[in-house]
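Let's take a walk through this one together.

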Amino acid sequence: MILITGSAGKTGRSVIQALVERGAPVRALVHRPDQIQAVESSGARDVLVGDMKSRATMERAVQDVRAVYHICPNVSPDEVSIGQTVIAAAQYAGVEHFVFHSVLNPQTEAMPHHWKKLRVEELLVESRLPYTILQPAAYMQNIIAHWEQIQSEGIYPMPYPAETRLSLVDLMDVAQAAAIGLTKPGHQYATYQLVSIEGMSQMEVAAILSQELGRPVQATTVPLETWRTQAKEAGLGDYQIETLASMFTYYHRFDFLGNPHALSWLLGRPPTTLNEFVRRITEEKNLTSKTSVL
Ligand SMILES: NC(=O)c1ccc[n+]([C@@H]2O[C@H](COP(=O)([O-])OP(=O)(O)OC[C@H]3O[C@@H](n4cnc5c(N)ncnc54)[C@H](OP(=O)(O)O)[C@@H]3O)[C@@H](O)[C@H]2O)c1
C-alpha cells in the first residue's frame, strides 16, 4: 500500500492515476469528505479523511503502508511542521520508502515556499528513512489558468518580464516519474530534478501557443500590484499572495532553470514538449465543449 498525502489536489490525483495504471494499491489522504469522490474517480480505493497537521491522523494514515508520497498543500505557511509530522509518523511505522514532492531549486532563500521545502528535504535526509526527493519545475498546467484569455484576447499574461526564462514540466510526466520512483527498485537516496523544458522565455511560450492555436498570442507583463489585486479578489490569503509576489520579484532578476536529463532517464523517453502539451490540452478542451453541447 502506498499513502499519498495532499491527494485531492491536481498533483495528488495525477499521481494516484499513474500508480493505479501500474497496479499499485493506493491510500489517499484527503482533507474534507467532499474530496473523497475526486480521489476515488482517480482510482484510489482506500481513502482516509483527516488533517496532515495531526500526528494522530498521520499515525493512522501510515498503518500497513509500504511507502509514503508526501505532497504538501501549495504555498503552505506550515510546510515545515507538516513535513515534520508526516516524517515522524513514517518513522514510527517504519515505512520502507518516503518520497517527497519538493520543487526545483529549493535552495532559493528569496522564495519562502522553496526554502521551506529545502528544510523538509533536510529533515528527510536526517530521518534515517530510505527516501527519494523529486524536484519538479513549474507545471505547464499553470498556463491553463489563462486559457480563456489566451484564446479570446490572444494575451498570455504574467507579473514578471516576458524575457524571463523558466523551465517547465508536464504534470503527467511528473506523475509517471513519481509512480516509477515508488514502484521500481533503486531510487533510494536519490534527488531528481523533474524538468521537461530546459528553459524558455515567455515570448517563446507565447510563440508556441500562437503556432498550436492558429492565432496570434502575445506574452504580456501585468504590473505586480494588478496581480496582487486580482489574487486577493480570487480569494488567495495574504501569506500566499506575499510568497508568490516574492517569487515574481525573483523572476524580475533571475531566470529559473533546471535540466531535463534525469526526467528523460526516469521515463525512458524524452519528456513532453510544450507543443505536445498545448496540442493535448486543446484536444481535451475541444472534447469537453463537444460533450457539453450533446
Ligand atoms: N504548481 C506548480 O507549478 C508546482 C511546481 C512544483 C511543485 N509544486 C508543489 O506541488 C505541491 C502540490 O500542489 P497542488 O497544487 O497539486 O496542491 P493543492 O491543490 O494545494 O492540493 C493539496 C491538497 O491538500 C489538501 N490539504 C490542505 N491542507 C491540508 C491538511 N492540513 N491536511 C490534509 N490535506 C490538506 C487540500 O485540500 P483543501 O482544498 O481542503 O485545502 C488539497 O486537496 C505543492 O507542494 C507545490 O508546492 C507545484
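In what sense do strand S1 (residues 2-4) and S4 pair, and over how many bridges? The two run parallel, with three bridges between them. One quick note before going further: this is a predicted model, in which local features need pLDDT of at least 70 and side-chain atom pairs count only at pLDDT 80 or more, while totals for chains, interfaces and linings use all residues. Residues are numbered from 1 along each chain as its sequence is written, and side-chain values use heavy atoms, with hydrogens and water left out.

Strands (E, at least two residues) and helices (H or I, at least four) are DSSP runs numbered from the N terminus, and two strands pair if DSSP finds at least two bridges between them.

Back to S4, then. Leu3 has Val68 in S4 as its bridge partner. S4 also pairs with strand S5 (residues 97-101), again in parallel, through four bridges, and here Tyr69 sits opposite Val99 of S5. Now look along S4 itself (residues 67-70): Ala67 and Tyr69 point one way, Val68 and His70 the other, and all are buried, meaning under 20% relative accessible area, where over 50% would be exposed and anything in between partly exposed (1.4 Å probe, protein chains only).

Next stop, the ligand. It has 24 residues around it, and Thr11, His31, Asp51, Cys72 and Lys117 come nearest; to be near, a residue needs a heavy atom within 4 Å. The shell divides into 10 nonpolar, 10 polar and four charged residues, where Ala, Val, Leu, Ile, Met, Phe, Trp, Tyr, Cys and Pro count as nonpolar, Asp, Glu, Lys and Arg as charged, and the others, Gly among them, as polar. A polar side-chain atom of Lys117 is 2.8 Å from a ligand oxygen atom, and for His101 a polar side-chain atom is 3.3 Å from a ligand oxygen atom. Gly9 uses its backbone: one of its polar atoms there is 3.5 Å from an oxygen atom of the ligand. On its own, the ligand has 930 Å² of accessible area, and the protein covers 83% of that (Shrake-Rupley method, 1.4 Å probe). Helix H1 (10-21) and strand S7 (138-139) are the elements that give two or more residues to the shell.

S7 turns up again in an open sheet of three strands, ordered S7-S9-S11 with mixed pairing. S7 and strand S11 (197-201) are its edges, each pairing on one side only. Strand S9 (residues 165-169) runs antiparallel to S11 over three bridges, with Leu166 partnered by Met200 in S11.

How values were computed:
A polar contact is a pair of N or O atoms within 3.5 Å; within protein, one must be able to donate a hydrogen and the other to accept it, and residues adjacent in sequence count only if both atoms are side-chain atoms.
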